[in-house]
Number of protein chains: 2
Amino acid sequence: MWHRPRKPVLHYFTMDHTLLLSGIAKHISLEKEEEAYFVSLLHQKKVRKKQLLLEEGEINSKLNYVTEGCLRSYAVDKNGFEHVLQFAPPGWWIADMHSILTQKPARLNIDAIEDSEIIFMLKPDFDALLLRMPKFEHYFRILAQNALATYQYRQIDHLSLSAMERYANFCQLYPSLIRSLPQKQVASYIGVTPEFLSKMLNTMIIK
Amino acid sequence: MWHRPRKPVLHYFTMDHTLLLSGIAKHISLEKEEEAYFVSLLHQKKVRKKQLLLEEGEINSKLNYVTEGCLRSYAVDKNGFEHVLQFAPPGWWIADMHSILTQKPARLNIDAIEDSEIIFMLKPDFDALLLRMPKFEHYFRILAQNALATYQYRQIDHLSLSAMERYANFCQLYPSLIRSLPQKQVASYIGVTPEFLSKMLNTMIIK
DNA sequence: ACATTTTCTTAATCTGCATTAAGTTTTTCT
DNA sequence: AGAAAAACTTAATGCAGATTAAGAAAATGT
């Protein structure tokens, strides 16, 4: 039987920074050598589905940026139930901000919902980057402010909307996630049990 | 009847920037002329209890910093109930971040819980400040990141704790606010009705 | 000082969502 | 392909917290 020859295996591989760099380029412009320095601080990693990147109790030392797949952050309550704080599809940063900033134990876990690829930066390198290249203060300020705006409105939604309204909201806000996520994860994000979400979706719909 | 002569009325008055400037000094150090420029962008205002500073639907054009009293931001749901997002005692910034950033109509209202004094900066001046004095990128990045960390954990608390636990949390986090706020406002912040909070506090306590 | 408004309390009733449990379908692993 | 695990569904029962209502206490305005 004939086999088509495989592509040669590369033992070094090109890190895929294009997404991250183009995201950064929307806010600041970098000289070639600035970019090179920045890139030198990055690490790459492939993670398998369900693999933990951060566990509650650890100190969060990495800023994770997703290039492929999807991560999530979540906390586990005293009854063992998981509550999703954030999903991170490609193009998103994800971390336990409180732990990163204060270097205290994290309350959040971070894991992969599907096989994924990430780029990450270590906290000391992050601090060094900001000292050496103050331009990045701007980029990360914008990032933090946008995230802050999002959390403000999400909190309001949580205080003032019903489960059904929160679900509709989620669908509108993250149409691509709705298609790719298990219902269970969506339920956890909007703050209901999987059983209730299932019932809600199957009794509300006019057949 | 004898009257003690009043202090002469000053028609200019010293703005009280000390709180704000010392807060800034914790993160960046300013030359005298830098400080002077920054101060030149600030405005001062006294607000009476219940006075609205931002109304839902308006575009939020001011970054407000509280020097005395207490402000709050809140949204009103379709049944007319208020939901408090944030309290701002002295030393805190308060704004509808989404509206400030995108210059779209705000979902939040901001008003004074008691007679207060604020310092505010206009959005165009804020943008100009950051362009002219990039140091401030650092200050506002730190601010935004801290706020973000706080909202992340608050969201988790909301997803995973009972009303009683959220109340206990609030007491621990903001002991001075608990003493000065009407119970009603606290109820709205933790996401329960005033009736339920009252019942909770008066039946849980062993007499 | 008194009238008005706002806040707090108590209690009865109601409901949105949780819990439990068991069965079914889909996905994942070997 | 077949077994195991994970995700989804359905239904009965339970409960934390909402709603409604009405009175008491406290704060506020004039």
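How many nonpolar, polar and charged residues does the surface near DNA strand C have? I looked this up and noted four nonpolar, six polar and five charged residues. For these classes I counted Ala, Val, Leu, Ile, Met, Phe, Trp, Tyr, Cys and Pro as nonpolar, Asp, Glu, Lys and Arg as charged, and the others, Gly among them, as polar.

**Conventions**

I note that this is a predicted model, in which local features need pLDDT of at least 70, side-chain atom pairs count only at pLDDT 80 or more, and totals for chains, interfaces and linings use all residues. Residues are numbered from 1 along each chain as its sequence is written, chains are lettered from A and ligands numbered from 1 in the order in which they are written, and side-chain values use heavy atoms, with hydrogens and water left out.

**Entry: DNA strand C**

I took a residue as near a strand if one of its heavy atoms lies within 4 Å of it. I found 15 residues around DNA strand C, of which K49(A), T193(A), Q183(B), K184(B) and S198(B) come nearest. Sugar or phosphate accounts for 76% of the atoms of DNA strand C within 4 Å of the protein, and bases for the rest.

I then looked up polar contacts (pairs of N or O atoms within 3.5 Å; within protein, one must be able to donate a hydrogen and the other to accept it, and residues adjacent in sequence count only if both atoms are side-chain atoms). S198(B) places a polar side-chain atom 2.9 Å from a phosphate oxygen of DNA strand C. A163(A) takes part through a polar backbone atom, 3.1 Å from a phosphate oxygen of DNA strand C.

For helices (DSSP runs of H or I, at least four residues) and strands (runs of E, at least two), I used numbering from the N terminus. α9 of chain A, together with α8 (183-190) and α9 of chain B, each supply at least two residues of the surface near DNA strand C. The largest share, three residues, comes from α9(B).

**Entry: DNA strand D**

I repeated the search for DNA strand D and found 15 residues surrounding it, the closest being Q183(A), K184(A), S198(A), K49(B) and A163(B). Of its atoms within 4 Å of the protein, 75% belong to sugar or phosphate and the rest to bases. I noted a polar side-chain atom of K50(A) at 3.4 Å from a phosphate oxygen of DNA strand D.

**Entry: relation of the two protein chains**

How can chain A be laid on chain B? I superposed the copies by least squares on the C-alpha atoms of residues with pLDDT of at least 70 in both. A turn of 180° and a shift of 0.0 Å along the axis give an RMSD of 0.0 Å. That is the relation of a two-fold axis. In chain A, the C-alpha nearest the axis belongs to R141(A), 2.1 Å from it.

**Entry: salt bridges**

I counted a salt bridge where a side-chain nitrogen of Lys or Arg lies within 4 Å of a carboxyl oxygen of Asp or Glu. The structure holds 18 of them over all chains. K46(A) pairs with E117(A), their closest N and O atoms being 3.7 Å apart. This pair links distant parts of the chain, with K46(A) in strand β1 (residues 43-47) and E117(A) in strand β6 (residues 109-122), 71 residues apart.

I classed residues by relative accessible area (buried under 20%, exposed over 50%, partly exposed in between; 1.4 Å probe, protein chains only). K46(A) counts as exposed because its relative accessibility is 53%, whereas E117(A), at 14%, counts as buried.

A further salt bridge joins E165(A) and K78(B), with the closest N and O atoms 2.6 Å apart. E165(A) lies in helix α6 (residues 163-173) of chain A and K78(B) in the loop between β4 (71-76) and β5 (82-88) of chain B, so the pair joins two chains. E165(A) is partly exposed at 25%, and K78(B) is exposed at 68%.

**Entry: T67(A)**

Is T67(A) buried or exposed? T67(A) counts as buried because its relative accessibility is 14%. T67(A) lies in strand β3 (residues 62-76) of chain A. Leaving aside neighbours within four places in sequence, I found T67(A) in contact (heavy atoms within 4.5 Å) with D16(A), L19(A), P90(A), E117(A), I118(A) and I119(A).
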